[in-house]
Every structure is written in structure tokens, then in C-alpha cells.
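Please examine the structure shown below. The questions that follow concern contacts between chains, followed by a single residue and the annotated segments.

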Amino acid sequence: MAARGSVAGRWGVHLAVLFFVVLWTVPTLGILVTSFREAGQIVASGWWTALSSSARTEAGRLPTPETQVERDGRFLLEGNIFGEGQSGTVLAFGTRAQNPTEFAAGATADIRDGATLQVNEDGGFTLSSPTRLEGSRGQRVYYQASTPPEFTVKNYETVLFSEGIGRSFINSLTVTIPATIIPILIAAFAAYALAWMRFPGRALLIATVIGLLVVPLQMSLIPLLKLYNGVGAFFGVPAKTYLGIWLAHTGFGLPFAIYLLRAYIAGLPREIMESARIDGASDFEIFVKIVLPLSFPVLASFAIFQFLWVWNDLLVAMVFLGTGTEQLVLTGKLNALLGSKGGDWEILTTSAFITILVPIAVFFALQRYFVRGLLAGSVKGG
Amino acid sequence: MASQIVSAILTVLVGVFGCVAYFWGANRLLDLAYPAHGVSGMRAVDNLRRQGLIRPWLFVGPALILLGVYLVYPVVETLRLSLFDRGGTNFVGLANYEWAFGDREFRNSIFNNFLWLLVVPAACTFLGLIIAVLTDRIWWGTIAKSLIFMPLAISFVGASVIWKFIYEYRGGGQTQIGILNAIVQSLGLEPQVWISLPFWNNFFLMAILIWIQTGFAMVILSAALRGIPEETIEAAVIDGANPFQIFWKIMVPQIWGTIAVVWTTITILVLKVFDIVLTMTNGQWNTQVLANLMFDWMFRGGGDFGRGAAIAVVIMLAVVPIMIWNIRQATREADGGH
């Protein structure tokens with residue numbers, strides 16, 4: 001197909017794809033860059049300016065004449081126009097608001113009555129006057145300076161250790177790992193039975209599983225919440241526990257798991273199963289020794305799906321684990337921060353980036369399996 | 001924290017071991033109860049038959065119980081609760097539904113859900129198709145696809161933070177740090193508070209879901225495009241068709257089934273969308289949708305389960321046609337296949 005079309009057309013394709021790629025990556029890039037910037041810089045300039053040295057024109061005052069020294073008959077005032085903690089390169093300076101970049105850095109400017117001002121690139125200045133400098137206010141000075149890009153990991157320290165994101169990270173892992181592993185085994189056995197064992201009601205069961213695929217999660221929340229509260233009260237245990245959320249995620253993940261695994265296992269070659277059966281292997285042995293190892297790719301696909309789904313879930317966690325600071329998972333924590341730290345972008349962007357880091361790493365590392373699962377799961381019907 | 005990690009690992013081990021123990025133990029018990037070896041021929045045949053009757057249920061048993069408790073029972077129970085009052089004790093008939101259709105916020109949610117259903121699946125499928133076609137024609141297409149696909153791994157909440165930052169508005173002549181307003185300003189237009197802009201704010205929320213789901217549509221459609229027989233396209237080229245004609249008249253009709261699947265999958269997702277609205281606006285400025293409204297009523301003023309359940313039933317009703325279509329497709333496939 002690549003051979004078709006004119007040169008202009010081919011360039012058009014490259015440009016169009018580039019356009020989409022930029023459109024799709026810039027949003028994420030924005031919070032990544034912002035999470036490494038200082039709070040003050042985030043609100044002072046857009047994140048897209050962070051990578052380049054930003055040239056900005058500033059107005060300032062030299063210090064008051066108290067610190068002047070007399071040398072060779074002239075009165076000198078020396079210092080640095082950059083304040084504490086600031087740095088940069090002076091490009092130009094001036095003393096009049098109408099022309100703030102009148103003189104190049106390093107030049108000596110006549111300001112008035114024989115007085116001169118020199119501002120060097122590093123911000124060091126010398127004001128030299130034939131007469132004693134007077135007045136209670138310093139000389140007005142304008143300068144254009146370029147500040148190098150500055151990045152910091154301070155936001156990450158703050159967020160991980162004092163905003164409670166670290167704790168939520170552990171909570172998320174505690175919820176996600178069991179909720180990913182438990183359904184695999186249960187679904188695999190059920191999928192094998194639905195694919196290779198003959199029993200009455202099998203077709204109905206398969207239809208039910210496919211029907212349950214699309215049941216909105218919202219349907220089950222209220223009855224399950226009532227059920228959990230009832231069970232909790234009956235046994236005198238808390239209603240919101242990790243066990244509760246693991247089982248809930250397992251239940252919600254099962255239709256897709258069974259559907260995906262059954263489709264794959266049903267497609268395994270019949271001869272292998274039959275020759276094993278002739279050799280006297282039971283269904284259990286066939287499943288453990290033949291089906292499980294052969295199904296590894298689809299098990300991996302499902303595991304990635306379930307992992308992403310559980311890690312990214314907000315609704316189930318909020319309902320079944322609660323919204324106290326102790327139990328909040330990352331998504332819940334991020335949602336809470338959005339409410340309480342609405343404008344603190346250094347906290348929000350950093351927290352968001354920590355939240356999406358794990359799924360993105362999993363995604364890029366195991367993309368092959370993910371795509372395979374996606375194709376098996378939806379092209380065939382769901 | 002350390003104790004939490006240890007207990008998590010322990011539970012994983014206990015859970016996995018429990019599963020294995022159940023499946024292995026149940027099978028062993030069945031073999032012992034109806035031995036197929038070491039008994040007379042007739043007994044063995046009889047026992048084998050019984051094993052064959054019971055064993056499938058041992059395999060599907062745990063899944064059935066979980067599906068029953070977590071999906072089937074809740075669906076029935078929600079239907080029942082929607083006919084009861086807030087605590088679920090007194091039967092109120094259709095009062096919750098009457099309330100819903102008289103409620104301004106509910107009708108607003110229905111309207112917004114319709115907007116979402118119209119725009120998001122169409123936009124995702126269309127953009128996904130375009131990108132799939134374009135990326136198939138260039139050498140760095142795989143990388144491009146990977147990058148466009150990536151947002152699918154990002155949570156709705158994470159995506160909401162990302163996009164809130166894009167829509168950020170700063171008044172009073174301050175520097176705009178939201179990229180959208182910065183662009184708008186550089187074009188000489190007035191920056192806006194996008195999130196509370198009447199009516200259009202819905203579309204700014206939809207953009208987030210489109211951003212997430214286009215990659216999904218792209219991957220599925222890209223695979224379908226590759227399945228198109230090369231000869232059909234070559235024949236069209238020989239007949240002098242231009243690229244647009246090839247796309248619309250040759251390629252699209254051949255992947256129509258896949259387009260329908262992508263469309264319905266995203267439609268179901270849209271009906272369930274909740275996180276984006278909760279985190280971006282929590283339904284303010286007329287952006288409410290059904291799923292978030294339901295969540296709201298579950299907890300509002302101590303929770304009104306009757307009204308919440310009624311809203312859940314409305315969402316479910318919207319899904320039922322897709323569900324029936326899915327089951328039909330799958331059974332037809334099964335009949336043709338095995």
C-alpha cells in the first residue's frame with residue numbers, strides 16, 4: 001500500500017499521523033513536565049516553556065545607596081541584580097521603562113550626569129557616580145534575563161511521604177495483585193468445562209456469561225453494599241475489607257475472563273485432548289498438564305486486563321473499601337486531592353503521574369499480550 | 001505498611017492455595033466416591049458415567065457461585081429495590097420511576113447521556129479508523145500506534161487530572177498555564193472557563209473519553225483492515241479508484257462487522273461512564289450523567305437505595321438490546337463453529 005499515492009500524498013500521511021501522535025501525547029507530557037517543576041514556576045509560565053531557557057524582562061531596583069564605597073574619587077555601588085536563589089543570564093538591560101533592553105549585557109551605560117551603570121551577564125552590576133549617591137530608594141533598573149530550565153524531584157518527595165500517596169500506592173497493590181490472580185484459576189477451570197466437557201445446561205451457561213459481560217457495574221453496587229453490611233453485622237466484622245474487594249473484583253472480572261479463556265481453550269486442537277484421554281488421563285490431568293500450559297498467552301492477556309482494570313478502578317474501591325485516608329487506593333486518593341488541592345498543580349500532576357506510572361509500564365512491557373487479548377475479546381463478539 | 005504487605009502476600013498465597021486445594025481435592029473426592037478402576041466392568045462404566053455428570057459442575061462451581069452472588073443476584077435485587085423506598089423496606093410501586101422522570105437533574109442526565117452516546121462512539125470509531133489506515137502506510141506506524149494506544153492504560157481519574165490541567169483557566173490577566181487557553185489567547189481570542197461553559201462543557205468532558213478510547217478502536221480496526229484481501233484493493237487500483245473511493249467503497253464495507261463491534265463496545269462503556277464526570281465536575285454545570293447520578297443517590301443524605309436502584313435499572317435497560325444482540329451473535333458463531 002505504501003507504494004501508492006504521490007510524494008505530496010505520502011508527506012501528507014506522515015504529517016497527519018504526526019499531528020495525531022502529538023495530539024495524543026501532549027496531554028500526558030504536560031503533567032510529566034509539570035511534575036518536575038517548582039510550584040512557583042508552574043504558575044508563572046506554561047509547562048511548554050519549561051524546556052527552553054525562558055527569556056523574560058523584569059523590573060527591579062538596585063540596593064539603596066547605603067552600601068556605596070568611595071574609590072578613586074568615584075562612588076561605587078556593586079552587587080548582583082539576581083536575588084537569593086535566582087540565577088540566569090542577563091541579555092540586556094536599561095534604566096527606562098520605555099526601553100528596558102537599551103544596552104547589551106557587559107556594556108557601560110551613561111545614565112545621567114556622568115554616572116554609569118554596567119551590568120554583566122552573570123547579573124553583577126557596578127553603578128559608578130562622580131558624586132555621592134543620594135536618596136532612600138535604589139536606582140530603577142530593567143533587564144532581560146534568560147533562565148535555564150530548572151527541574152526538581154522535590155514534588156515527588158512531598159507527595160510520596162507527606163501527602164499520603166505512598167500509603168495509597170501500597171493499598172492499590174494490596175487490592176490489585178490478589179484481585180488479578182484469584183479470578184484466573186477460577187475462570188480457567190470454568191472455561192475448560194464450558195469448552196470441552198459435555199453437560200446439560202452448558203449452552204445456557206455460555207449465553208448467561210455473555211449476557212453478564214455487559215451488565216453495568218452500577219447495577220450490582222447497591223445490593224452488594226447491603227449484602228456486605230448484612231454479612232459484616234452478622235459476623236461482627238467490618239463490612240469494608242480487602243477480602244470483600246478482592247471477591248468483588250473477581251466476580252466482576254469473571255464474565256470477561258471466562259469468555260476470553262473459553263474462546264481460546266475451545267480453539268485448542270482436539271487431537272491433543274483425545275489422545276491424552278485415550279492414554280487414560282482424566283479431565284483434571286488434561287487441564288493441568290495440557291490446557292494450562294498451552295493457554296499461557298491468553299492467561300497473560302487476561303491478567304493484564306484485570307490488572308489495569310483493578311488498578312484504574314475508582315468506583316468499586318470507593319464503595320467496597322471506603323473513602324477513609326487509611327483505605328484510599330491511588331485513584332481514590334487522586335480524586336480526593338482534586339477536591340482538596342484543586343489549584344496545587346505540583347501536587348496534582350505529581351500524584352497523577354505516580355498513579356499512571358505502573359499501568360503505563362505494564363502496558364508498554366506487555367503490549368503484545370494486551371493487544372492479543374483485546375482482539376480475541378472483541379472481534380469475536382463482545 | 002510492612003505488615004500490610006506481608007498480609008497481602010499471605011492472602012494471595014492462601015487464596016491461590018485454597019483454589020488449587022479445592023479443585024484438586026474435589027476431583028480426588030469424586031474419584032474416590034465413584035472409583036473407575038479396580039471394580040467390576042459394569043460398576044466401572046456406571047461410575048465413569050456418574051463422574052462425567054458431576055465433574056463439570058465441580059469445575060464451573062466456584063465461577064457460578066461468584067457470578068451468582070456478584071452479578072445475577074444484584075441484578076434481580078436492584079430490580080426489586082427500585083420498587084421500594086429509600087431504606088428498601090416499604091413497597092412504593094413505580095414511585096421512584098415517577099420521581100425520576102419528573103426530576104430535572106435526571107432528565108438532564110438522560111439528555112447528556114444521549115449526547116455522550118451520539119458523540120463518543122462515533123468519534124472514537126471514526127478517528128480510530130482514520131489513524132489505523134494512515135499508520136498502516138508508514139514505516140513508523142507501530143510506534144505511532146503505540147503512543148496513541150497508551151491512554152487506554154491510564155485511569156479515568158488520572159486522565160481527568162491530565163485534562164483538567166489542559167482546561168485550566170486563570171483569570172485577572174494572569175499567565176494562562178492551561179495549554180488550551182494559552183493557544184486560544186495566542187490566537188487573539190478570550191480565554192474561557194471551559195468546564196463550566198454551558199452545554200459545550202459536555203463536549204470537553206467527552207474529549208477525555210475519546211482520547212482514551214480511540215486507541216482501542218484503532219487497534220481493533222487496524223487488525224480488521226489487515227484481514228482485507230489484498231486483491232480487492234489491487235483490483236480497485238487497476239480500475240482507477242482514488243484513495244478515498246478505495247477507503248469508503250472497498251475497505252469500510254469489508255470491515256463493517258468489526259466497526260459494529262467497536263461501536264457497541266464503546267457504547268456500553270459510555271453508559272457506565274462515571275469517574276470522568278465525578279472528578280471533573282461532579283455533575284455541576286449541567287454535566288450530570290446517569291451513572292454518576294446513581295452513585296450520588298447511593299450516598300446522598302445517608303443514601304436513597306430506591307432511587308439509586310431505579311436509575312441503575314434505567315442504565316440496564318439501555319444495555320439490554322446490546323446484550324441480546326451479543327448473545328445472538330455468539331450462539332450463531334458457536335452453531336457454525338463446533
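Q: How many residue pairs are in polar contact between chain B and chain A?
A: The model is a predicted one. Salt bridges between chain B and chain A number zero. Polar contacts between chain B and chain A, counted with both residues at pLDDT 80 or more, amount to seven residue pairs.

Q: Which helix of chain B gives the most to the side that touches chain A?
A: By class, the side of chain B that touches chain A has 80 nonpolar, 19 polar and eleven charged residues. With 20 residues, the element that gives the most to this side is helix 2 (residues 41-81) of chain B.

Q: What area is buried between chain B and chain A?
A: The contact draws 110 residues from chain B and 108 residues from chain A. Carbon and sulfur atoms give 80% of the buried area, which is about 10,100 Å².

Q: Is Ser222(B) buried or exposed?
A: Ser222(B) lies in helix 8 (residues 201-226) of chain B. Leaving aside residues up to four places away in sequence, Ser222(B) touches Ala132(B), Asp136(B) and Lys145(B). Because its relative accessible area is 2%, and the cut-off is under 20%, Ser222(B) is classed as buried.

Q: How far apart are the end C-alpha atoms over residues 305-325 of chain B?
A: An unreviewed UniProt entry lists residues 305-325 of chain B under "transmembrane region", with residues 57-76 also among those listed. Residues 305-325 of chain B are 100% helix and 0% strand, and the end C-alpha atoms are separated by 30 Å.

How values were computed. Residues numbered from 1 in each chain as written. Chains lettered and ligands numbered in written order. Predicted model: local features only at pLDDT ≥ 70, side-chain atom pairs only at ≥ 80, totals over all residues. Heavy atoms only, no water. Helix = DSSP H or I, 4+ residues; strand = E, 2+ residues; numbered from the N terminus. Buried < 20%, exposed > 50% of the residue type's maximum accessible area, 1.4 Å probe, protein only. Contact = heavy atoms within 4.5 Å. Buried area = accessible area lost by both parts, 1.4 Å probe. Salt bridge = Lys/Arg side-chain N within 4 Å of Asp/Glu carboxyl O. Polar contact = N/O pair within 3.5 Å; in protein donor to acceptor, adjacent residues only side chain to side chain. Nonpolar A, V, L, I, M, F, W, Y, C, P; charged D, E, K, R; others polar. UniProt positions renumbered as here; feature names shortened; annotations may be inferred.
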